[in-house]
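Visitor: I would like to learn how to read a structure feature by feature. Can we take one topic at a time?

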Amino acid sequence: MTRELLVKVTCGDEAPERLNQGFTVAATAAASGVPVSLWLTGDATWVAVPGRADSFSLDLATPLAELLETVLELGSVTVCGQCASRRSLGEADLVPGARIAGAAAFVEEALRDGVQALVY
């Protein structure tokens, strides 16, 4: 049985290393064949808006837009429903492939057998 990885990123530009690290772990796992579900909450929500990942940079780090693209291609990206609402965002405002879901969906994913959850 293959373990799945659930990564929740809770920060934005105010914590650039933590933001990038969450995306790096999710993209690395996805590229390695691990089933990955990336959840964006708080200010990390903005990364799912087209063009926002392109505006982020961190020295010596893989560009956030590349990491996001990898996870979208090989895994899934979900934006917190309350966080999206607070920012007046709907699914049409997000990059193609990203979805919006609430806490119940997160809890359901986190409690499945064989899931490892990490929070950044």
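Visitor: Is Trp39 buried or exposed?

Guide: Keep in mind that this is a predicted model. Burial is read from relative accessible area, and under 20% counts as buried. Trp39 has a relative accessible area of 2%, so Trp39 is buried.

Visitor: How many aromatic pairs does a search of the whole structure find?

Guide: A pair of aromatic rings is described by the distance of the centres and the angle of the planes. The search of the whole structure gives one aromatic pair. Trp39 and Phe106 form that pair, with 5.3 Å from centre to centre and 80 degrees between the planes. The geometry is edge-to-face.

Visitor: Which elements hold Trp39 and Phe106?

Guide: Trp39 is in strand β2 and Phe106 is in helix α4. They are 67 residues apart, so the pair links distant parts of the chain. Phe106 has a relative accessible area of 16%, so Phe106 is buried too.

Visitor: Which charged end sits over the ring of Phe106?

Guide: That of Lys8. The charged end of Lys8 is 4.5 Å from the centre of the Phe106 ring.

Visitor: Now charges. How many salt bridges does the count come to?

Guide: Side chains of opposite charge can pair when their charged atoms come close. Here the count comes to three salt bridges. Take Arg112 and Glu4: their closest N and O atoms are 2.4 Å apart. Arg112 lies in the loop between α4 (103–110) and β5 (115–119), while Glu4 is in strand β1 (residues 4–9). This pair links parts of the chain 108 residues apart.

Visitor: What are the relative accessible areas of Arg112 and Glu4?

Guide: Arg112 has 37% and is partly exposed. Glu4 has 26% and is partly exposed.

Visitor: Which residue forms a salt bridge with Arg87?

Guide: Asp43 does, with the closest N and O atoms 3.0 Å apart. Arg87 lies in the loop between α3 (81–86) and β4 (98–101), and Asp43 in the loop between β2 (36–40) and α2 (64–74), so the bridge ties together parts 44 residues apart in sequence. Arg87 is buried at 19%, whereas Asp43 is partly exposed at 34%.

Visitor: And which residue forms a salt bridge with Glu109?

Guide: Arg99, with the closest N and O atoms 3.1 Å apart. Glu109 belongs to helix α4 and Arg99 to strand β4, 10 residues apart. Glu109 is buried, with a relative accessible area of 11%. Arg99 counts as partly exposed at 34%.

Visitor: With which side chain does the side chain of Thr78 make a polar contact?

Guide: With the side chain of Arg99, at 2.9 Å. Thr78 is found in strand β3 (residues 76–80). Thr78 has 0% relative accessibility and counts as buried.

Visitor: Leaving aside neighbours within four places in sequence, which residues is Thr78 in contact with?

Guide: They are Leu38, Trp39, Leu40, Arg99, Ile100 and Ala101. Trp39, from the aromatic pair, is one of them.

Visitor: On to packing. Which residues touch the most other members of the largest nonpolar core?

Guide: A nonpolar core joins buried nonpolar residues through side-chain atoms. The largest core here has 32 residues, and Val9, Leu19, Phe23, Leu38, Leu40 and Leu64 touch the most other members. Two or more residues come from each of β1, α1 (16–31), β2, α2 and β3. The largest share, six residues, is from α1.

Visitor: Which residues is Phe23 in contact with, leaving aside neighbours within four places in sequence?

Guide: Val9, Leu38, Leu40, Val47, Leu64, Leu67 and Leu68. Another core, of five residues, lies apart from the largest one. Leu6, Trp39, Ala101 and Phe106 are among its members.

Visitor: One last residue. Where is Thr70 found?

Guide: Thr70 is in helix α2. At 24% relative accessibility, Thr70 counts as partly exposed. Not counting residues up to four places away in sequence, Thr70 touches Ala27, Ala31 and Gly75.

Conventions:
Residues numbered from 1 in each chain as written. Predicted model: local features only at pLDDT ≥ 70, side-chain atom pairs only at ≥ 80, totals over all residues. Heavy atoms only, no water. Helix = DSSP H or I, 4+ residues; strand = E, 2+ residues; numbered from the N terminus. Buried < 20%, exposed > 50% of the residue type's maximum accessible area, 1.4 Å probe, protein only. Polar contact = N/O pair within 3.5 Å; in protein donor to acceptor, adjacent residues only side chain to side chain. Contact = heavy atoms within 4.5 Å. Salt bridge = Lys/Arg side-chain N within 4 Å of Asp/Glu carboxyl O. Phe/Tyr/Trp six-rings, centres within 6.5 Å; stacked < 30°, edge-to-face > 60°. Lys NZ or Arg CZ within 6 Å of the ring centre and 35° of its normal. Core = buried A, V, L, I, M, F, W, Y, C linked by side-chain atoms within 4.5 Å.
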